[in-house]
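Thanks for coming, everyone. Please look at the sequence and the structure on the screen, and I will walk you through them.

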Amino acid sequence: MKSIRLLLLLFSSLCILSACSASEDAADLYKKEKPLQVEVDMPKSLSAETTQTVKAILKQDGKPVEGAGFVHFEIWKQDHSVRYPMEEAAEIGNGVYQMDIRFKEDGLYYLEVHAGNEGSLVSPVRQFIVGELSEQEMESLKQGAPTQQEVPGHHH
C-alpha cells in the first residue's frame, strides 16, 4: 500500500513538473535588446575662434534613428578651464544630429554624446584637438581618453 502511494505521489509530481517546463518560444516573449550605436563625425582639423560643426550619427538595429528620445552634446577642455554647457543637438535627418560650436581657445578637448532611444542609453566620449597643444596637453594625449569614472558632468 505504501509503495502504491509513493508511486502515485511520484507520478503526480512528474505530471506537475512537466506542466511547468518552458515552451520553446519562451525567449520570444521577452523584450529583445536593441543597443543604440553612435558614430561621432568631426572635421579632421579644428581651429579656435571659428565655428565648427559636430555630428553624431545614431543607429539602432542597423537602421538610422529618426526622432531619438534625446541627443545632447557636452564639451569640455582637458584641464577643465573651458566647459560648454550640455546642449541638445539638432536633428538634420537620416539619423544625423548636429551642433555648431565656436571654440574659445586651442587645446585638448573631450566631447560626450548623451543619447537615448527606446530604452537604450549611451554616452560615448571622444577626445579631440583644437589648434595647437601645450606640453601638458601633449602628455595627457599620450595617456588617452578618460575612463567613464573620470568624466565630469551630468548623467542621464
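**Contacts, core and salt bridges**

In the protein chain, 64% of the contacts with a separation of 6 or more are between residues 24 or more positions apart. Contact here means heavy atoms within 4.5 Å.

A word on the ground rules. This is a predicted model, so local features need pLDDT of at least 70, side-chain atom pairs count only at pLDDT 80 or more, and totals for chains, interfaces and linings use all residues. Residues are numbered from 1 along each chain as its sequence is written, and side-chain values use heavy atoms, with hydrogens and water left out.

Now confidence. pLDDT is the predictor's confidence in each residue, from 0 to 100. The protein chain has a mean pLDDT of 84. In that chain, 74% of the residues reach 70 or more. Residues 147-156 stay under 50. For that stretch the model has 23 contacts beyond four places in sequence.

Next, the layout. The protein chain has two helices and ten strands. Those are DSSP runs, numbered from the N terminus: helices are H or I with at least four residues, strands are E with at least two. Along the sequence the pattern reads α-β-β-β-β-β-β-β-β-β-β-α.

What about the surface? The accessible surface of the protein chain is about 10400 Å². Carbon and sulfur atoms hold 54% of that surface. The areas come from the Shrake-Rupley method with a 1.4 Å probe, and for residues only the protein chains shown count as cover. Of the 156 residues, 31% count as buried. Buried means under 20% relative accessible area, exposed means over 50%, and partly exposed is in between (1.4 Å probe, protein chains only).

On to the inside. Which residues have the most contacts inside the largest nonpolar core? They are Leu58, Val71, Phe73, Ile75, Leu111 and Phe128, in a core of 26 residues. Strands β1, β2, β4, β7, β8 and β10 (125-130) each give two or more residues to this core. β8 gives the most, with four residues. A nonpolar core, by the way, is a set of buried Ala, Val, Leu, Ile, Met, Phe, Trp, Tyr and Cys residues joined through side-chain atoms within 4.5 Å.

Take Ile75. Not counting residues up to four places away in sequence, Ile75 touches Arg83, Tyr84, Met99, Ile101, Phe103, Tyr109, Tyr110, Leu111 and Phe128.

Now the rings. Tyr84, Phe103, Tyr109 and Phe128 form one aromatic cluster. The structure holds five aromatic pairs. Rings of Phe, Tyr and Trp (its six-membered ring) pair if their centres lie within 6.5 Å; planes under 30 degrees apart count as stacked, over 60 as edge-to-face and the rest as tilted.

Charges next. How many salt bridges does the structure hold? Four. The cut-off is a side-chain nitrogen of Lys or Arg within 4 Å of a carboxyl oxygen of Asp or Glu.

Start with Glu105 and Lys77. Their side chains meet in a salt bridge at 2.6 Å, N to O. Glu105 sits in the loop between β7 and β8 (107-117) and Lys77 in strand β4 (residues 70-77), so the pair ties together parts 28 residues apart in sequence. Is Lys77 buried or exposed? Lys77 is buried, at 6% relative accessibility. Glu105 is partly exposed, at 33%.

Lys77 also forms a salt bridge with Glu137, the closest N and O atoms being 3.8 Å apart. That pair links distant parts of the chain: Glu137 is in helix α2 (residues 135-143), Lys77 in strand β4, 60 residues apart. Glu137 counts as buried, at 7%. Together, Lys77, Glu105 and Glu137 are linked in a network of salt bridges.

Another bridge joins the side chains of Arg102 and Glu49, at 3.6 Å, N to O. Arg102 lies in strand β7 (residues 96-102) and Glu49 in the loop between β1 (36-41) and β2 (51-60), 53 residues apart. Arg102 is partly exposed at 43%, and Glu49 is partly exposed at 45%.

Two more residues, quickly. Lys104 lies in the loop between β7 and β8, and counts as exposed at 55%. Beyond its neighbours within four places in sequence, Lys104 contacts Ala48, Glu49 and Tyr84.

Gln60 lies in strand β2, and is buried at 6%. Leaving out residues up to four places away, its contacts include Lys34, Val65 and Asn117.

That is the tour. Over to you.
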